[in-house]
Amino acid sequence: MTPLLTTRGLTKAYDGLRAVDGVDFSLATGEIRAIIGPNGAGKTTFVSLVCGRVPPTSGTIVFDGEDITHMPAHLRVRRGIAYTFQITSVFPNLSAYDNVALPAQRTLEDGRAKTHLHAAIMSALEHTGLADRANIQAGALSYGHQRLLEVAMGLALKPRLLILDEPTQGLSDSEIDGFMGLVRDIASSATVLLIEHNMDVVMELARRITVMNAGKILAEGMPEEIRADEAVQRAYLGTENHG
Amino acid sequence: MRSSALPPRILVLHAGVVALLFALNFVLPEYHHAVLARVMLLSVFAMGYNILFGYTGLLSLGHAMFFAAGLYGAGLSVYHLGWSIPAGLAAGIACGAALSTAIGLLALRTTGVAFMIVTMMFAQVFYLLTFYFAEWTGGDDGIVLSQEIRRFFVGDFYLNLTDPTTRYLLALAIFAIVLFATLIAVRSSFGRVLVAIRENEDRARMLGYDTFANKLAAVVLSGTICATAGAAYALLFGYAGSTFAGVQYSILPLLWVLLGGAATTLGPFIGTLFMYYVIDITSSYTSAYLLIVGIALILLVLFFPKGILGTIRARWAGWLP
């Protein structure tokens, strides 16, 4: 099967510091992939390159057979790459409904979702359990609900690739349980790329795991292979104590 | 694609304001009747400014050039080319659309303070050009459209723009059209995108929006509305002069909108009306009236930073558009 996303020699240098350093990465359609690694490993920079928030220094990015290396971010979103922010960045002064309306009306114009706007918005809100909070200002929602709203906005984009940047950070255990169910659900219709510090979540959700360290891919494999990998143990699992 | 139909109370409120202004035509004393006609056109200018400043979050300090583009586009084509009044109005609006497209393409390469400075510089260039071409524009003295030109037929319909009632009703018609046009625009999906850009442009981009294109559309819509106000002003009051291109006419719409309430549909009208009368009343008592205006503005910004209607919306009526 052709991969949905591939990167070749993808590099991002900031004044000599190579935050992402020659990454060759491949993601199959329908996968749930987790990217783990210590702080500063380049995970967020890597997905920022993929979604176009940051221009690469060198290397190529191919999405669904199309070279998107130099494509503006908003066009990548229209191709089906959705990114949910690590730092919650819903629109605090708009209602939850309007927050989801923004991505929903966009996909309606694309013709990728044929349902009507209201139905599309409510479907994304119901999916994330926020339907009864539709008219509350996003800034007044609890932190956990804002994280869910962020996901609802991603869902309303009808993405083919949903990039979740530390989605469970700051959530309670019960919220995390609900969240994992949601991600599994999403994975039935979209490929999921997940940056996550919480190893329980990673081991539970991911079918494959990519470990990054110092801007490079250190290891890649099934969860149990990663757990057993000595290099990973040294770089990450053994020394850092996250989540 | 409308996000939803207009809720009845919003429709009633806006139609009520228009109806009230229509009724005032028959009861107002001569002086206030003339003031209100002027205020309605100037608040169209403010409504145009509000699209860009209030809804899109772009602070321009050069909107006098869009008002003046309409003013001169209409005034000069009628005065020098002998165009009819309706053709002059269309010319003024077209000039505003063309100028705002060009300015938008250039100025939107900058953001924040740089955007303010760039728009202000372009407006200064426009202002100085009105003197450079004084042979045609009359510079400071401006040009006066004769009374004969301003009495004309549209088909079989006789219009006399020197008649106060005709002027008032035409100003009201333009005011009503622009009011409902902005109401529909800001409640549409386009309006929602503008607010998203104001709140967090990077996030809007990551939802798939070409933020540059949307901001350009906002500049053009805003500039065209302001030019409509300028063109109507020149034709209804028969005068176009460089004062209207000066920096104070870039600052005034900002103050009107701040006073009335940024990002509210009726705020620009309330702010323009309020400030017009504050200046009017204070200047009849003292020559230092700008001092009093200044103090009033400082107090308002300190205690009502959201403006009159913005404060009402925040405290009592969250449904106000």
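Before anything else, one definition for today: two residues are in contact if their C-beta atoms, placed from the backbone, lie within 7 Å. Helices (H or I, at least four residues) and strands (E, at least two) are DSSP runs, numbered from the N terminus.

Hello everyone, and thanks for coming. This is a predicted model, where local features need pLDDT of at least 70, side-chain atom pairs count only at pLDDT 80 or more, and totals for chains, interfaces and linings use all residues. Residues are numbered from 1 along each chain as its sequence is written, and chains are lettered from A and ligands numbered from 1 in the order in which they are written.

Let's begin with chain B. Its secondary structure comes to 14 helices and four strands. The C-alpha trace of chain B spans about 55 × 45 × 45 Å along its principal axes. A compact globule of 321 residues would have a radius of gyration near 20 Å, and chain B agrees with that at 19 Å. That radius is taken over C-alpha atoms, and the globule rule is 2.2 Å times the number of residues to the power 0.38. Of the 321 residues in chain B, 45% are buried. By buried I mean that 20 or more other C-beta atoms, placed from the backbone, lie within 10 Å of the residue's own. Among contacts in chain B with a separation of 6 or more, 77% are between residues 24 or more positions apart.

Now please look at two helices in chain B, α11 (residues 248–260) and α12 (residues 267–285). Their axes come within 7 Å and cross at roughly 110 degrees. That makes α11(B) roughly perpendicular to α12(B), a label used for angles of 65 to 115 degrees. Axes here are lines fitted to C-alpha atoms, for helices over the stretch in contact, and angles run from 0 to 180 degrees between N-to-C directions.

Which residues of α11(B) meet α12(B)? They are B:Leu255, B:Trp256, B:Val257, B:Leu259 and B:Gly260. On the α12(B) side, the partners include B:Pro268, B:Phe269, B:Ile270 and B:Phe274. The residues of this contact of α11(B) with α12(B) divide into nine nonpolar, four polar and no charged. For those classes, Ala, Val, Leu, Ile, Met, Phe, Trp, Tyr, Cys and Pro count as nonpolar, Asp, Glu, Lys and Arg as charged, and the others, Gly among them, as polar.

Next, the place where the chains meet. The contact takes 16 residues from chain B and 20 residues from chain A. On the chain B side, α8 (189–199) and α9 (201–205) each supply at least two residues. The largest share of that side, six residues, comes from α8(B). The residues on the chain B side divide into seven nonpolar, four polar and five charged.

That brings us to chain A, with nine helices and 10 strands. Its C-alpha trace spans about 50 × 40 × 35 Å along the principal axes, and 49% of its 243 residues count as buried.

Chain A has an open sheet of six strands in the order β6-β7-β8-β3-β9-β10, with mixed pairing. Two strands pair if DSSP finds at least two bridges between them. The edge strands are β6 (81–84) and β10 (216–221) of chain A, each pairing on one side only. Neighbouring strands of this sheet are turned by 20 degrees against each other on average, direction ignored.

Inside that sheet, β3 (residues 32–36) and β8 (residues 191–195) of chain A pair in the parallel sense over four bridges, and A:Arg33 has A:Leu193 as its bridge partner in β8(A). Four bridges also join β3(A) to β9(A), which run parallel, with A:Ala34 opposite A:Ile209. Is β9(A) mostly covered or mostly uncovered? Mostly covered: five of its six residues are buried. β9(A) pairs with β10(A) in the antiparallel sense over five bridges. These two strands form a hairpin with two residues between them, and A:Ala214 in the turn has a positive phi of about 50 degrees.

Last, a second open sheet in chain A: four strands in the order β2-β1-β4-β5, with antiparallel pairing. β2 (17–27) and β5 (66–67) of chain A have a single partner strand each, so one side of each is left without a neighbour in the sheet. Helix α1(A) lies across β1, β2 and β4 of chain A, at about 65 degrees to β2(A). Helix α1 (residues 43–51) of chain A also lies across strands of the six-stranded sheet, including β7 (161–165), to which it runs at about 150 degrees.

Note on methods:
Parallel < 35°, antiparallel > 145°, perpendicular 65-115°, else oblique. Buried ≥ 20, exposed ≤ 12 C-beta atoms within 10 Å, placed from the backbone.
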